[in-house]
Each structure stands twice: as C-alpha cells, then as structure tokens.
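Please read the points below alongside the sequence and the coordinates.

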Amino acid sequence: MKKKFRPLIIALSAMLIAGIAYALVLVFIPEPPEVETQLPEYDTITPYQLKNLDRVDFRFDDGYEYTIDLTHKTESNRSYAVVGKTQYEYDFTALSSACLSVATISTSQAYAEDAMEAAVYGLDNPRAFVDIYGTDGTSVSLIVGDPTRIGNYCYVQVVGDDKVYLVSGYTARYLTQTDHAYRELGIFSYSDEGAFSEIAGIEITRGDEMILKYHLATEEEQENPPKGLAAGAYMEEPIFYPLNDVKLTAQVIDHIRLVNAKAVVEDNPQDLSKYGLDGDDVFHFNVDNADGSKVYMTISPAQEDGMRYALIGGIDSVYSFSASTFDFLEDVSYDKMLYGLFWNYRIVDCNAAEVELNGETYRMEFFDPTTEEEEAGKTFWATFNGEEMREENCRGLFVRMLSPSIYALVPEGYERPAEPYCVLRFETETGENPELSLYTINERQYAAYLDDVETGFLVKKDSIKEIADCIEIILEGDLVPDF
C-alpha cells in the first residue's frame, strides 16, 4: 500500500471505533429519569390588597404606638392619616408604600414552632406587634422578632399560627419603624428660578450675635433707592445697607433650597442637651416667605456623630440633618454681600455735592435752567464755589465722587483720628444727605465711615486721589479728562 494513503485509513478507523463505542453506551447505560422542577410554595401571611385595607396598628417594645388609617375615596384613590397626630405633616407616598408592603406579605420559608425555642427567634421579647385590619372586618396580628444573622430577613409569627416565618428585610422595615419615618422632611419649597423673590427676608443669629438680617426691597425702596443704590434686598443688621443680589443668592439662598432633614428623631423632647440644642452657640435661622408663611429653626453646631439637630417652630420634634447641610451658616459674612459702592446718585437727583479736602471745602450746586435759558439752548447749569462751571468738569468731578468702593471691613481695633482726611457729601432732592468721612490707615488705604455708622470700610487711596486731581484741574481752569 502506498504510504500516502496511510493517514486517511488511520482516521477512518478511529471514526469507526468511536461510533461503535457510542452505540454500546446507548444500549447498556439507561437514560437518567426526568427530574421535576418544583417552585417553592409561598405562604401568604397577610391576605389583603391595598384597596381593602382599613387600618394598621403598631405597638413597640418601648411602649410607643401609632395607627395608620386609610380612607378609600374610590377603588384606586385613597388618603392616609396617622391617627391623633394631625399636628405633623406626613409624606403621602411613604405612607402608601408602608401600607402596600404590610397588606400582602408572602414568604417561602417557615419553621415549626417546636423546631427551636422562641428566644432563638426573638419572639419571647418581640420588637413589635402589628395588627392589620381589612375593610371586611377581618384582621391579622403579627409578632415581629429578631433579624436573621445571615441574610436580610426577620422572624415573624402570626398570632394563632404555630409557624415561624422569614419575612424579607424590606418588609420588616415597615413593620418595625415608627411614624417618624413617614414625616415630611422637606423644610423649604421654592422654585428653581424664583427663590430670591419668594423669600421676603432672613434673620440669622448665633447665640446673641446678629450675623445677618435682610428684607426684600419695598416698593418705596424700589422707587427711591437709599443712597441711589437700587438693589433687590437691603440689609437691616448688622448695618443698613444694600445687598449684592448675586452674592446673597450664592452665599445663602442657593443653600436654603437644598435643606432637607434626614429624619425625625424624637417628639416632645425633654432633654435638648443630648442634641446640642441648649448651648449658647446654637444658630437661630428665621425665614419670612413672600406668601406670608414663616419658618423658624434652632440649629445645633455640628455634633460628633456627623449630624446637626434642629427644632422647627410650631413642631415639637427634633429633626436630624447631615452636618454639612448647615455649614453655610458658619461661613455667612455680611461684608462679603454688600453692594460695593457707597452711593450711586444721578446728577439730576441732586441739588449739591461737596468735597472737604486739605482744610478747604469745594461745593458744586446744580440748577434747572430757566425757561429763557432753555429757549437759548442751555440745558445744564452748575456752579463751583459760586462760579459757573463747565458741564464737562461738573460731570467729571461728580462721577469721581461716586467712585469710592468697599473692598473689606476696617480691621478691629482701629481708632479713628480726630479729623478725617477727606469728607464727601451729597444733597439730594429727597432730603437724603449722606456723608462719607475718610481717615488715613496707611499708604494704600483709607478707613471710610458712611453717615458716621460704627462699621468702617476699607477704600483704596487711588479713588480719592482721582477726586483731588480733578479739583486741581478745575481750579487751574483746564478741562477734566473723561473718567
């Protein structure tokens, strides 16, 4: 036989041998019997549906108890109430989830009562008793024992049944939690765009220290803004001053919109010290809403457990919050929210403006042109120390008197000299006559005090030098350059 056919013959022989072996297996080894797959049988512990559930009573090992009552308006529409606790707000969805979970409880695992002693399951000292009532007058009573050591389950027994059931941890949660878990935890409710205008005012104190108090601009303030500074809100304390809307929103309002409690931890608290709510360092956070509603809160400092606790006016309960929720209160600094300018008058709203500098007083007065002057084409008339002045010079000096701005507070401990370096004044048609006194601090800064308010502000010397240079140019008879 030729050598080239040997591999083919070997392969065919191997296939023949394998076929014979497979035939022998089929003849002498029988097929395995069919195994019937059995699904676990579920026991229904509570046989209700939400539409025919009447109420659920809860009693706990510490003596606490409450009842959830259902009112069926239609087959698919119902309301929920925690009996006897109308002073509290509850979350409708949370109550619905609780009732839905306890109405029909099923399990595939049960033990005979004599399999182990009741103490093994925690049924000798139950965590809770739950009585579930149907609208047809029937009821089922549950005894809730310990959670299992392995797996997320809980031991439950039905009164009158000798079995001990394993109920899922999800369902057991609803069997063992108090009505605190269903309380409404939202503190504030504002729209995404309108929170600024929906808050009429805020007051923040820490102990006896006033941190910030402000109100939305009134109609009068909108029509005649104080010191010409039109703002959306005005600070009342620690000083009266217009606020920068953007900075106020970023520092306070944006944080308020995110405030939500984590839980209600106690009703009718007797010992506030364990929550840090009895010290001198608690925050008082009061919010007046534009719709007339108010929210008053007392807030603890951050506690060792990473929480803050709070009391809310009108609700005798202690709420818990993540400590970071109110960290912004620690950072509120009113000086960072000030408008920035001392004043922003229009020249047409002023009767006069004065600068006291180097022992001299320089006074500009503004007049409405007479009819004859208007007919002659004269639309502007001002004097400088009694002499008529050019409009360009008048406006140039006026604008420079508006330019000093706040960039920080005067450091504590600074004592003002007896006499200021410079004084700026405006006399307005509304009778508001503000005065800004500036005192030298160092080569770069003045301490500025508006209307002799105790709070001083830092002003850069450059802005006052601009005023002095402008006066010198006017006295020399030259034209003041554009600002």
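Which residues of H11 are buried?

1. The buried residues of H11 are Lys461, Ser463, Ile464, Ile467, Cys470, Ile471 and Ile474. Buried stands for a relative accessible area under 20%, exposed for over 50%, and partly exposed for values in between, with a 1.4 Å probe and protein chains only. An α-helix has 3.6 residues a turn, so residues three or four places apart point the same way. Helices (H or I, at least four residues) and strands (E, at least two) are DSSP runs, numbered from the N terminus.

2. Just after H11, Gly477 takes a positive phi of about 85 degrees.

3. On provenance, this is a predicted model, in which local features need pLDDT of at least 70 and side-chain atom pairs count only at pLDDT 80 or more, while totals for chains, interfaces and linings use all residues. Residues are numbered from 1 along each chain as its sequence is written, and side-chain values use heavy atoms, with hydrogens and water left out.

4. The chain averages a pLDDT (the predictor's confidence in each residue, from 0 to 100) of 88, and 90% of the residues score at least 70. Contact means heavy atoms within 4.5 Å.

5. For the overall dimensions, the chain has a radius of gyration of 40 Å, whereas a compact globule of 483 residues would have one near 23 Å. The radius is taken over C-alpha atoms, and the globule rule is 2.2 Å times the number of residues to the power 0.38. Along its principal axes the C-alpha trace spans about 130 × 95 × 50 Å. Of the 483 residues, 42% count as buried. Secondary structure comes to 11 helices and 28 strands. Among contacts between residues at least 6 apart in sequence, 57% join residues at least 24 apart.

6. What are the strand partners around E19? Strand E19 (residues 315-322) is joined to E15 by 4 bridges, and the two run antiparallel. Strand E18 (residues 307-312) is joined to E19 by 6 bridges, also antiparallel. Two strands pair if DSSP finds at least two bridges between them. Asp267 stands opposite Ser317 in E19, and Leu311 stands opposite Val318 in E19. E18 and E19 form a hairpin with 2 residues between them, and Gly314 in the turn has a positive phi of about 90 degrees.

7. Val265 sits in strand E15 (residues 263-267). Val265 is partly exposed, with a relative accessible area of 34%. Leaving aside neighbours within four places in sequence, Val265 is in contact with His180, Tyr275, Tyr309, Val318 and Ser320.

8. An open sheet is formed by 9 strands in the order E23-E22-E21-E20-E25-E26-E27-E28-E24, with antiparallel pairing. Strands E23 (387-388) and E24 (408-409) stand at the edges, each with a single partner strand, so one side of each is left without a neighbour in the sheet. Within the sheet, 4 bridges join E21 (residues 360-367) to E22 (residues 381-384), and the bridge partner of Phe366 in E22 is Ala382.

9. Some backbone geometry deserves a look. Asn358, in the loop between strand E20 (350-357) and E21, has a positive phi of about 55 degrees although it is not a glycine. At 61% relative accessibility, Asn358 counts as exposed. Asn385, in the loop between E22 and E23, has a positive phi of about 50 degrees and is not a glycine either. At 42% relative accessibility, Asn385 counts as partly exposed.

10. A cis peptide bond joins Glu237 and Pro238, with omega about 5 degrees. Pro238 is found in the loop between strand E13 (233-237) and strand E14 (241-242).
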